[in-house]
Amino acid sequence: QLDTPAGIFVNVEGDLYIADIQNDRVTCWRLGDIVGELVVGGHGRGVGLQQLSSPHGVWLNSHGAIYVADTGNNRIMCKADSTSDAEMVVR
């Protein structure tokens with residue numbers, strides 16, 4: 001369930017990525033999904049690499065790396081792929 005969705009990004013496959021402010025996470029919804037897949041954050045609000053605080057924007061590059069405007073932490077996070085941890089790229 002979403003709680004205050006803010007930024008969205010749709011890739012060429014039609015997957016919808018949503019920055020979910022109050023749940024401190026980014027989820028991916030594929031066509032026909034009933035439940036979105038957690039892709040960044042979702043481990044409570046905080047400053048850890050697996051945490052976000054009020055994310056407002058999400059963007060994917062051509063290689064599939066996910067960039068998140070982690071507004072509450074004043075940083076930009078990047079998750080290079082589904083097996084990697086997120087890392088801070090700008091603060």
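## Aromatic pair, sheet and nonpolar core

Y67 is partly exposed, with a relative accessible area of 26%. This value, like the others below, comes from a predicted model. W59 is also partly exposed, its relative accessible area being 46%. The structure holds one aromatic pair. The pair is formed by the rings of W59 and Y67, whose centres are 5.7 Å apart; their planes stand at 45 degrees, so the pair is tilted.

| Residue | Relative accessible area | State |
|---|---|---|
| W59 | 46% | W59 partly exposed |
| Y67 | 26% | Y67 partly exposed |

Four strands make up an open sheet in the order β1-β2-β3-β4, with antiparallel pairing. At its edges lie β1 (5–10) and β4 (37–41), each of which pairs on one side only. From one strand to the next, the twist averages 25 degrees. Within the sheet, β2 (residues 16–20) and β3 (residues 25–29) are joined by five bridges in the antiparallel sense. Opposite Y17 stands C28 in β3.

Y17 also belongs to the largest nonpolar core, which has 13 residues. Y17, V26, V39, V40, V58, I66 and V68 have the most contacts inside this core. Two or more residues are given to the core by each of β3, β4, β5 (55–60) and β6 (66–70). For V26, the residues touched include I18, A19, E37, L38 and V39, not counting residues up to four places away in sequence. Also among the residues that V26 touches are V40, L52, V58 and V68.

Conventions
Residues numbered from 1 in each chain as written. Predicted model: local features only at pLDDT ≥ 70, side-chain atom pairs only at ≥ 80, totals over all residues. Heavy atoms only, no water. Pairing = 2+ DSSP bridges. Axes fitted to C-alpha atoms, helices over the stretch in contact; angles between N-to-C directions. Phe/Tyr/Trp six-rings, centres within 6.5 Å; stacked < 30°, edge-to-face > 60°. Buried < 20%, exposed > 50% of the residue type's maximum accessible area, 1.4 Å probe, protein only. Core = buried A, V, L, I, M, F, W, Y, C linked by side-chain atoms within 4.5 Å. Contact = heavy atoms within 4.5 Å.
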